[in-house]
Amino acid sequence: MDTRDRWRKSSYSGAGDGDSCVEIANRPARIAIRDSKTPARTSLTPTFTTFIEALKQHPHP
């Protein structure tokens, strides 16, 4: 994880469960995603990339 990233929480993070969301950071070639509850852990970006690619293979009617 690049500590120079400017992470920001989802605009849907409000009171109550506001700490249970994802954070994003813009990078030159992509957008990084991480779990706001565990910011020191590895980014979720590879997992989401795999998920999105799977969705592209099986489009919803």
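Predicted model: local features only at pLDDT ≥ 70, side-chain atom pairs only at ≥ 80, totals over all residues.
## Strands side by side

Strand S2 (residues 22-26) and strand S3 (residues 31-35) are antiparallel and pair over five bridges. Where does the chain turn from S2 to S3? A hairpin of four residues makes the link between S2 and S3.

S2 also pairs with strand S1 (residues 8-9): these two run antiparallel and are joined by two bridges. Lysine 9, for instance, has glutamate 23 in S2 as its bridge partner.

## Two faces of S2

Now look at the side chains. In a regular strand they alternate between the two faces of the sheet. In S2, the covered face holds Glu23 and Ala25, while Val22, Ile24 and Asn26 make up the uncovered face.

## A nonpolar patch

Val22 turns up again on the surface. Together with Phe48, Phe51, Ile52 and Leu55, Val22 forms a nonpolar patch there. The accessible area of these residues together is about 410 Å². Which element gives the largest share of the patch? Helix H1 (residues 45-57) does, with four residues.

Isoleucine 52 sits in helix H1. Its relative accessible area is 38%, so isoleucine 52 counts as partly exposed, a label used for values between under 20% (buried) and over 50% (exposed). Patch residues need over 30% relative accessible area, and isoleucine 52, at 38%, is one of the patch members.

Notes. Residues numbered from 1 in each chain as written. Heavy atoms only, no water. Patch = residues over 30% accessible without salt bridge, like charges linked within 9 Å, V, L, I, M, F, W, Y side chains within 5 Å. Areas by Shrake-Rupley, 256 points an atom, 1.4 Å probe, with all protein chains shown as cover. Salt bridge = Lys/Arg side-chain N within 4 Å of Asp/Glu carboxyl O. Buried < 20%, exposed > 50% of the residue type's maximum accessible area, 1.4 Å probe, protein only. Pairing = 2+ DSSP bridges.
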